[in-house]
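Here is a short briefing for a first look at a protein model. Please keep the sequence and the 3D view open while you read.

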Amino acid sequence: MDSAAAISTPSSLCPSTPGWNLDRPFLTGQFYQVTKVTPGTTECKGFSVDSSSGADKAIGCYHATIQELIVIDDLLSILIGIEGRYISIKKVRGKEDAITFQVDASMDLALQEFAKRLFPLCESYILINQFVETRSQFKTGLVNHAFAAALRALLLDYQAMVAQLEHQFRLGKLSIQGLWFYCQPMMGSMQALSMVVKKAAANNCVGSAVLNLLQSQAKAMAGDHVVRSLLEKMSQSASTAYLGILERWVYEGVIDDPYGEFFIAENKSLQKESLTQDYDAKYWQQRYSLKDEIPSFLANAAETILITGKYLNVMRECGHSIQIPVAEKSKLTSAGPNHHYLECIKSAYDFASGELLNLVKNKYDLMGKLQSIKHYLLLDQGDFLVHFMDTAREELMKKPDEISVEKLQSLLDLAMRSTAAAADPCHEDLLCCVERTTLLKRLSTLKDLEISRSAPDSNDLEESLSITGLETFSLNYKVRWPLSLVISRKTLTKYQLIFRFLFHCKHVDRQLSGAWQVHQGLRKLDMQGTTVSVSSLLCRNMLKFINSLLHYLTFEVLEPNWHVMLSRLQTAKSIDEVIQYHDFFLDKCLRECLLLSPALLKKVERLKLICLQYAAATQRLITSSLDIADTDTLSNDSPRIEKYKNLKLRTPYQMLRLAPENVTVFESVLKFEKEFTFELHSLGPILSGGSRAEPYLTHLAQWILGVGKDQ
């Protein structure tokens, strides 16, 4: 079976070539006898002498003049691939595309020499003709079809030349020397083309490979202007079909590639819905991708071509029917040396990029969505959160598995309608969700984040058995196509990580504020004992720590980076730049919010845990030791108030009797103070050590390490 049968194409739907076209070689021109080269056969560049040529009478029986006429007649037949009476064509068994010519051994030696000179031209014609026949089949692709059509047109000119020579021969005006003279101009071109078709057949080239082969061969023939011009013309003819596919892609965003020849591949299994569902969604990166084989004349513009079609495809997916206005002069008709096609591609890219950016910014209000996300997930407007935390506190105190998300959602909706958030047209897109793991555990599962994993502890990934909804509560946001290109599941997850950290810091701040109110109530009652004073100072330092941390997160990290991102988005030229700036903003915020530094984050989480434990124990310890009820419900002339005021007037004997109770409270306060101070001071070396590589740690150190210095 010849090379035609070995050609394959990615398309399984292309029509098949009728079997009779392959099984009956006399209909295709491939009717040469197969012969086996033996040591007894003399060969020289495809030329061999054989005494058994099949003729009734040996040519040597004729006079030299008659022999010349017979040889010219045979050569005119051989020139178009038809065997003569004394010159035959043989295919060598076991050798692909190998052809040998056999002549009658009794032929005049001078005529044999002239015939031998013409055999390369005959062989080139036969190889090109076979290539045209095999590459005209459906499965070989549009580029091969176009190349074969160009070769067929060339062969028609060649056959016309042979017909004219035959006409001169019939008139008795053609000698063997004249035949050689007229055939010489075609030999270089035909041999160059035969080399191309040999390589194309040997490598089963299709699509881009054919174009690259023609381009490389044209460059290799730079010294022969005629041959180079011919190969460039063939390259332009073959690229016409390819440019048709390219034109639809860069002007409509459609891949019209029935034989899989285009250098852009489409993965239809990746759907745009995955952007809002899958953290690792690869839709934008891999739905359309570049293949390895790219035409050399498009190599430098391949990325631009890919992006142009992707932008147009997004608009088409939105139902926004748009087509680039193409003037007749801007059509991709040829890939000539003037590089006009590159200018067409650049203009198509500029139009598609600007049109999609305007569509996303104006019709789908990208900036409004981002601002809305900032209000809720970055706590830019926290009034709704205060209302929500007040009403949902009881539900959030439960374990994650016991929390009713529906109840939380209704409480969130109530909080939104009761605050300034009701004026936001996007507030209905906000949703509640409850995670099942702590923030540290969730961060450890996101392998794509550049998390510093130096010196991990054995207890890093241990889940706390006492986690509640306050540690796992988060917000989600409904995003629709095409905004999901920018606000994907991955970017929303990063927003949620920052929200969970901020939300828990707000919770700690609220708990400490409650403890501070207890101390203020005691101060109102003029109870300034040692225990109360020490506890009050500790509570103030804890409040200063958590407020400093919140100030750093909001005013030193989120706000400056947000404004930088907004200014960049205003100057963005394409949706890819918008995605890049948005991702850079989130990654920078994650890093500067300490979420990518486990060592620092664990220290901060430990400090917050101590604050929460202290706040929970404050009222129980202090109020129980002083036997204080809800002081807000007591009047100034209440007998119980008088009792508390008289505590200062007790005698030393009375104070000694109270000592065991106060000592327990005092020791508990000192224990919290010792743990808090130790953890806070241990932050110093970590922040100092990393501040040189990460300058933002300097700002954090300035805010946090000043806590407690006034003790």
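Tyr-364 sits in the loop between helix H10 (340-363) and H11. Helices (H or I, at least four residues) and strands (E, at least two) are DSSP runs, numbered from the N terminus. This is a predicted model, in which local features need pLDDT of at least 70, side-chain atom pairs count only at pLDDT 80 or more, and totals for chains, interfaces and linings use all residues. Residues are numbered from 1 along each chain as its sequence is written, and side-chain values use heavy atoms, with hydrogens and water left out.

**Around Tyr-364**

- Tyr-364 has a relative accessible area of 21%, so this residue is partly exposed. Buried means under 20% relative accessible area, exposed over 50%, and partly exposed in between (1.4 Å probe, protein chains only).
- Tyr-364 and Leu-483 are 119 residues apart along the chain, yet 7.2 Å separates their C-alpha atoms.
- Neighbours within four places in sequence aside, Tyr-364 is in contact with Cys-318, Leu-359, Lys-369, Trp-481, Pro-482 and Leu-483. Contact means heavy atoms within 4.5 Å.
- Two of these partners, Trp-481 and Pro-482, are joined by a cis peptide bond, with omega about 5 degrees.
- Pro-482 belongs to the loop between strand S9 (473-477) and helix H16 (489-524).

**Overall make-up**

- The protein has 22 helices and nine strands.
- Of its 711 residues, 48% count as buried.
- Among contacts with a separation of 6 or more, 76% are between residues 24 or more positions apart.

**Helices H4 and H6**

- The axes of helix H4 (residues 142-170) and helix H6 (residues 208-220) come within 8 Å and cross at roughly 45 degrees. Axes are lines fitted to C-alpha atoms, for helices over the stretch in contact, and angles run from 0 to 180 degrees between N-to-C directions.
- H4 and H6 are therefore oblique to each other. Angles under 35 degrees count as roughly parallel, over 145 as roughly antiparallel, 65 to 115 as roughly perpendicular and the rest as oblique.
- H4 brings Val-143, Asn-144 and Phe-147 to the contact, and H6 brings Val-210, Leu-211 and Leu-214.
- Five of the contact residues are nonpolar, one is polar and none is charged. Here Ala, Val, Leu, Ile, Met, Phe, Trp, Tyr, Cys and Pro count as nonpolar, Asp, Glu, Lys and Arg as charged, and the others, Gly among them, as polar.

**Salt bridges**

- A salt bridge is a side-chain nitrogen of Lys or Arg within 4 Å of a carboxyl oxygen of Asp or Glu. The count comes to 24 salt bridges.
- One of them pairs Asp-429 with Lys-369, whose closest N and O atoms are 2.6 Å apart. Asp-429 lies in the loop between helix H13 (405-417) and strand S8 (430-434) and Lys-369 in helix H11 (residues 366-377), so the pair ties together parts that are 60 residues apart in sequence. Both Asp-429 and Lys-369 are buried.
- Asp-401 and Arg-436 also form a salt bridge (3.2 Å, N to O). Asp-401 is in the loop between helix H12 (383-396) and H13, and Arg-436 in the loop between S8 and helix H14 (439-445), so this pair links parts that are 35 residues apart in sequence. Asp-401 is exposed at 64% relative accessible area, while Arg-436 is partly exposed at 48%.
- Lys-608 and Glu-605 meet at 3.0 Å, N to O. They are three residues apart in helix H19 (residues 598-626), so about one helical turn separates them. Lys-608 is buried at 0% relative accessibility, and Glu-605 is partly exposed at 22%.

**Cysteines**

- The structure holds zero disulfides (a disulfide is a pair of cysteine sulfur atoms within 2.5 Å).
- For Cys-433, the nearest cysteine sulfur is that of Cys-432, 7.6 Å away. Cys-433 is buried, at 17% relative accessible area.
- For Cys-589, the nearest cysteine sulfur is that of Cys-593, 5.8 Å away. Cys-589 is buried too, at 0%.

**Positive phi angles**

- Most residues other than glycine have a negative phi.
- Asn-204 has a positive phi near 50 degrees. Its place is the loop between helix H5 (176-202) and H6, and it is partly exposed at 28% relative accessibility.
- Leu-594 has a positive phi of about 75 degrees. Leu-594 lies in the loop between helix H18 (575-592) and H19, and is buried at 0% relative accessible area.
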